[in-house]
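Keep the sequence and the model side by side as you read. The paragraphs below walk through the chain one feature at a time.

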Amino acid sequence: MRWAAFLDRDGTIIDQEGFLTRAEDLRLFPGAAQAVKRLREAGGLVIVVTNQPAVARGLIDEPTLARIHERLKALFAEKGAPLDALYYCPHHPETHHPEASDPRYRRECECRKPGTGMLRRAADEFGIDIARSFMVGDSTRDVMTARNAGCMGVLVKTGEGGRDAKFDVRPDAVCDDILAAAEWIAARAGAK
Ligand SMILES: [Mg+2]
Ligand SMILES: [Zn+2]
């Protein structure tokens, strides 16, 4: 079985706070493609896992989100650093957003991080050993996802940089950015 680096999207590999709703606004962080290359060279699968409650809130539809993700994949592929897969959660469980009225999306689910549904689905589809894998993100929600899934959790200082403080959980490492996180993971994965 292989190991994977599960990467959060907003604030981790792309420079985005708030909701991204247009593909033309997509900007990779410097070093993001290099980070993906480094992880692949170290033998990992690179899989993006992202909560996109903007879908549930009616701020973006799934075809538009699909266009954003096609562009994201193309930007990495152009730089010689293709992503292995991308999973997103379009749901939102809370009822305090009156615009979020579509019952397909406004519901509890297992995929919304810190739920582990996206990681488990990837593990099934790719034969991934989650215990040897890593989750990298800019929020405590991502670190909590790692804890819930039973993999290593790496917090990056970009984006929210853990300042959301939503979940009381300690990361296994804190790195300046996605490239530093990839170096930390590559060193550690090689030692296993
Ligand atoms: Mg994020
Ligand atoms: Zn979901």
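The buried residues of α5 are covered by elements that include β2 (45-51), α4 (117-126), β4 and β5 (152-156). Cover here rests on contact, meaning heavy atoms within 4.5 Å. Buried means under 20% relative accessible area, exposed means over 50%, and partly exposed lies in between (1.4 Å probe, protein chains only). Helices (H or I, at least four residues) and strands (E, at least two) are DSSP runs, numbered from the N terminus. Seven of the ten residues of α5 are buried, so this helix is largely enclosed by the rest of the structure. Among them are Thr140, Arg141, Asp142 and Val143. Met144, Thr145 and Ala146 are buried too. Just after α5 comes Gly150, with a positive phi of about 85 degrees.

A word on conventions. This is a predicted model, in which local features need pLDDT of at least 70 and side-chain atom pairs count only at pLDDT 80 or more, while totals for chains, interfaces and linings use all residues. Residues are numbered from 1 along each chain as its sequence is written, chains are lettered from A and ligands numbered from 1 in the order in which they are written, and side-chain values use heavy atoms, with hydrogens and water left out.

Now step back to the whole chain. It has six helices and six strands. Along the sequence they follow the pattern β-α-β-α-α-β-α-β-α-β-β-α. The radius of gyration is 16 Å, close to the 16 Å that the globule rule gives for 192 residues, so the chain is as compact as a globular protein of that length. That radius is taken over C-alpha atoms, and the rule is 2.2 Å times the number of residues to the power 0.38. The C-alpha trace spans about 50 × 35 × 30 Å along its principal axes. Of the 192 residues, 53% count as buried. Among contacts between residues at least 6 apart in sequence, 65% join residues at least 24 apart.

Which residues coordinate the magnesium ion (ligand 1)? They are Asp8 (OD), Asp10 (O) and Asp138 (OD), at 2.1 to 2.2 Å. Donors are N, O and S atoms within 2.8 Å of the metal (3.2 Å for Na, K and Ca); water is not among the atoms, so sites may look incomplete. In sequence the magnesium donors are spaced D-x1-D-x127-D. Asp10 lies in the loop between β1 (4-7) and α1 (32-41), and Asp138 in the loop between β4 (134-137) and α5 (140-149), so the pair ties together parts that are 128 residues apart in sequence. Both Asp10 and Asp138 are buried.

The zinc ion (ligand 2) is next. Its protein donors are Cys89 (SG), His91 (ND1), Cys109 (SG) and Cys111 (SG), lying 2.0 to 2.2 Å away. Their spacing along the chain is C-x1-H-x17-C-x1-C. Why is the arrangement tetrahedral? The four donor atoms subtend angles of 102 to 117 degrees around the zinc ion, and four donors count as tetrahedral if all angles lie between 85 and 135 degrees. Cys89 is buried, at 0% relative accessible area. Cys111 is buried as well, at 17%. Cys109 is partly exposed, at 22%. A search of the whole structure finds zero disulfides, a disulfide being a pair of cysteine sulfur atoms within 2.5 Å.

Two backbone details deserve a look. Most residues other than glycine have a negative phi, and most peptide bonds are trans. Lys113 and Pro114 are joined by a cis peptide bond, with omega about 20 degrees. Pro114 sits in the loop between β3 (85-89) and α4. Ala165 is not a glycine, yet has a positive phi of about 50 degrees. Ala165 is in the loop between β5 and β6 (173-175). Is Ala165 buried or exposed? Ala165 is exposed, with a relative accessible area of 57%.

Finish at Trp184, in helix α6 (residues 178-191). Trp184 is partly exposed, at 25% relative accessible area. Leaving out residues up to four places away in sequence, Trp184 touches Phe134, Met152, Val154, Asp172, Ala173 and Cys175. Trp184 and Leu39 are 145 residues apart in sequence, but 9.9 Å apart in space, C-alpha to C-alpha.

Technical notes:
Four donors count as tetrahedral if all angles lie between 85 and 135 degrees; four count as square planar and six as octahedral if opposite donors are over 155 degrees apart and all others between 65 and 115; anything else is irregular.
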